[in-house]
Amino acid sequence: MSAKLVVLISGTGSNLQAVLDACAGTVLPASVVAVISNKSDAYGLVRAKNADVPAIAFPLADGESRRDYDTRLAALVASYEPDYVVLAGWMRLLTSNFLSVFQNRVINLHPALPGTFPGTHAIERAYEAFQRREIDHTGIMVHLVPDEGVDNGPVLATEIIPILPDDTLESLETRVHQAEHRLLVETLKQVIR
Ligand code: GRF
């Protein structure tokens with residue numbers, strides 16, 4: 001079966017690119033039917049346009065509450081009738097106004113293992129913990145988003161990323177992102193199957 005994906009982004013969109021590439025080839029039986037960004041200048045929107053996918057900038061309106069925004073966002077996403085909503089570097093917490101519309105269909109990617117470093121700057125915080133000799137590895141996960149918990153929910157896949165003695169933050173970030181691109185596509189493939 002071929003699944004319809006709406007991808008939500010806030011920035012560079014390298015994970016979006018991995019999904020777009022996988023859909024364009026034979027790797028992933030899916031199509032990205034829309035890319036939506038809360039940031040109007042997100043480079044991921046350019047990636048979507050280059051792939052001939054609708055690229056929608058959808059910023060918060062002046063004075064708008066999170067819940068009102070999420071109600072509008074849910075209506076927009078629903079208009080594309082997606083099978084799954086993929087959060088690929090989406091940097092806003094979603095409320096139940098959005099999540100209740102897409103139960104068991106919102107998939108998030110987080111650059112840390114379950115229960116570790118929720119929220120922003122996860123790789124940086126893992127690297128700092130490594131420097132304090134508290135950890136010797138970090139990881140990545142793909143999980144469902146059932147509720148308003150931050151980077152928390154039924155885990156679909158994880159991968160451990162060792163932190164090497166001569167790693168810099170930049171080299172660790174590079175390895176984490178490479179692993180994310182692979183794991184996100186692999187996990188979507190399994191979910192769709
Ligand atoms: C990724 O590390 C993702 O896990 C995190 O934000 C980053 C987005 O990168 N939530 P990109 O925009 O896909 O390049």
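Predicted model: local features only at pLDDT ≥ 70, side-chain atom pairs only at ≥ 80, totals over all residues.
1. The shell around the ligand consists of 2 nonpolar, 6 polar and 1 charged residues. In this classification Ala, Val, Leu, Ile, Met, Phe, Trp, Tyr, Cys and Pro count as nonpolar, Asp, Glu, Lys and Arg as charged, and the others, Gly among them, as polar. The residues concerned are T12, G13, S14, N15, G89, L109, P111, H177 and E180; a residue belongs here if one of its heavy atoms lies within 4 Å of the molecule.

2. Residues are numbered from 1 along each chain as its sequence is written, and side-chain values use heavy atoms, with hydrogens and water left out.

3. G13 contributes a backbone N or O atom at 2.8 Å, and T12 a polar backbone atom at 3.5 Å. On its own the ligand has 370 Å² of accessible area, of which the protein covers 84% (Shrake-Rupley method, 1.4 Å probe).

4. Helix 1 (14-24) and helix 6 (169-192) are the elements that give two or more residues to the shell around the ligand. Helices (H or I, at least four residues) and strands (E, at least two) are DSSP runs, numbered from the N terminus.

5. Two residues deserve attention for their backbone angles. Most residues other than glycine have a negative phi. F117, however, has a positive phi of about 50 degrees, and R133 has one near 65 degrees. F117 is in the loop between strand 5 (106-110) and helix 5 (122-131); R133 is in the loop between helix 5 and strand 6 (137-144).

6. Are these two residues buried or exposed? F117 is buried because its relative accessible area is 19%, whereas R133, at 78%, is exposed. Buried means under 20% relative accessible area, exposed over 50%, and partly exposed in between (1.4 Å probe, protein chains only).

7. A30 lies in strand 2 (residues 30-37). With 7% relative accessibility, A30 therefore counts as buried.

Notes
Polar contact = N/O pair within 3.5 Å; in protein donor to acceptor, adjacent residues only side chain to side chain.
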